[in-house]
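This report concerns the strand arrangement, the helices on the sheet and the charged side-chain pairs of one protein model.

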Amino acid sequence: MKGYYAGAAFFLAGSLALSACSQESSASADGDQKAASQEQTDQSDDVKSDEMEEAQGTSESDKDEMDDSSEEKDEQTSGEQPEENQLKVEEEKFETAEKAAGSIKDYSTVEQTNADLGHGLKALQEGAAGHEYVSWNEGNWLIRVDFPTDEQYAIDGYDGGLDMAKEVVAYLEEHTLPAPHDRGIITINGFKEHPGTEVKWQDGKTVYTIDSEDKNPFNAIQRAVDEN
């Protein structure tokens with residue numbers, strides 16, 4: 001009988017121990033599962049945080065690119081606006097109008113012509129030693145173009161000296177030069193190595209001069225038009 005009770009007690013104690021182990025194992029498994037779940041949640045939160053930061057960074061980058069693009073567009077727009085012609089007009093005074101007129105050298109009246117410039121104007125076109133000269137009068141102005149016969153030495157944009165002369169004539173149809181008291185002269189050099197335009201005219205005892213080394217002859221001509 002004592003053996004029976006002893007066996008029963010042993011069995012009960014074993015059952016209790018097994019139950020405790022089972023509960024501990026279950027609790028441990030639940031803890032591991034909760035820890036794994038929390039870790040996944042933390043990782044998910046980290047991923048979301050990284051994605052939000054990346055999205056924010058992309059948004060800021062796009063904004064910066066838009067700002068840069070806007071600034072570049074403004075610069076381009078600003079660059080397209082015409083700038084004031086800064087060429088200087090020099091003045092030289094003489095004792096008499098005759099001396100002022102005499103200081104303008106190489107002035108002449110073109111009597112023989114062989115080229116049509118359009119707008120009812122004729123010019124003398126001639127060549128010598130690699131130069132093409134085109135000369136004509138407009139009022140009291142003598143206009144002369146010196147252009148290379150070899151296009152590799154010429155400034156860009158013109159098909160020879162006659163072509164440049166026609167463009168000058170067309171321009172002066174829309175823009176008025178000052179009227180010289182006795183004479184005025186415009187000389188244009190179309191050689192790209194040493195381009196230049198000089199505009200000189202007499203007004204009484206004063207001679208006005210605009211000298212430009214620009215490849216665009218119309219900068220100097222426009223400056224003279226501004227003085228009209």
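The sections below describe the sheet, its helices and its salt bridges in a predicted model.

## The sheet

Eight strands form an open sheet in the order E1-E8-E7-E6-E5-E4-E3-E2, and their pairing is mixed. Strand E1 (90-93) and strand E2 (115-118) are the edge strands, each pairing on one side only. From one strand to the next, the twist averages 20 degrees.

Strand E5 (residues 141-148) and strand E6 (residues 184-189) run parallel and are joined by six bridges. Within this pair, Val-145 has Ile-188 of E6 as its bridge partner.

## Helices on the sheet

Helix H4 (residues 218-226) packs on the sheet and touches E6, strand E7 (196-203) and strand E8 (206-212). The direction of H4 makes about 20 degrees with that of E7.

Helix H3 (residues 161-174) lies across E2, strand E3 (121-128), strand E4 (131-138), E5 and E6. Relative to E4, helix H3 runs at about 25 degrees.

## Salt bridges

The count of salt bridges comes to three. Arg-223 and Glu-227 meet through their side chains at 2.9 Å, N to O. Arg-223 is buried, because its relative accessible area of 16% is under 20%. Glu-227, at 37%, is partly exposed.

Lys-99 and Glu-95 form another salt bridge, at 3.0 Å from N to O. Here Lys-99 is partly exposed at 46% relative accessible area, whereas Glu-95 is exposed at 60%. In the salt bridge between Arg-183 and Asp-182, the closest N and O atoms are 3.3 Å apart. Arg-183 is partly exposed at 23%, and Asp-182 is partly exposed at 36%.

How values were computed:
Residues are numbered from 1 along each chain as its sequence is written. This is a predicted model: local features need pLDDT of at least 70, side-chain atom pairs count only at pLDDT 80 or more; totals for chains, interfaces and linings use all residues. Side-chain values use heavy atoms; hydrogens and water are left out. Two strands pair if DSSP finds at least two bridges between them. Helices (H or I, at least four residues) and strands (E, at least two) are DSSP runs, numbered from the N terminus. Axes are lines fitted to C-alpha atoms, for helices over the stretch in contact, and angles run from 0 to 180 degrees between N-to-C directions. Contact means heavy atoms within 4.5 Å. A salt bridge is a side-chain nitrogen of Lys or Arg within 4 Å of a carboxyl oxygen of Asp or Glu. Buried means under 20% relative accessible area, exposed over 50%, partly exposed in between (1.4 Å probe, protein chains only).
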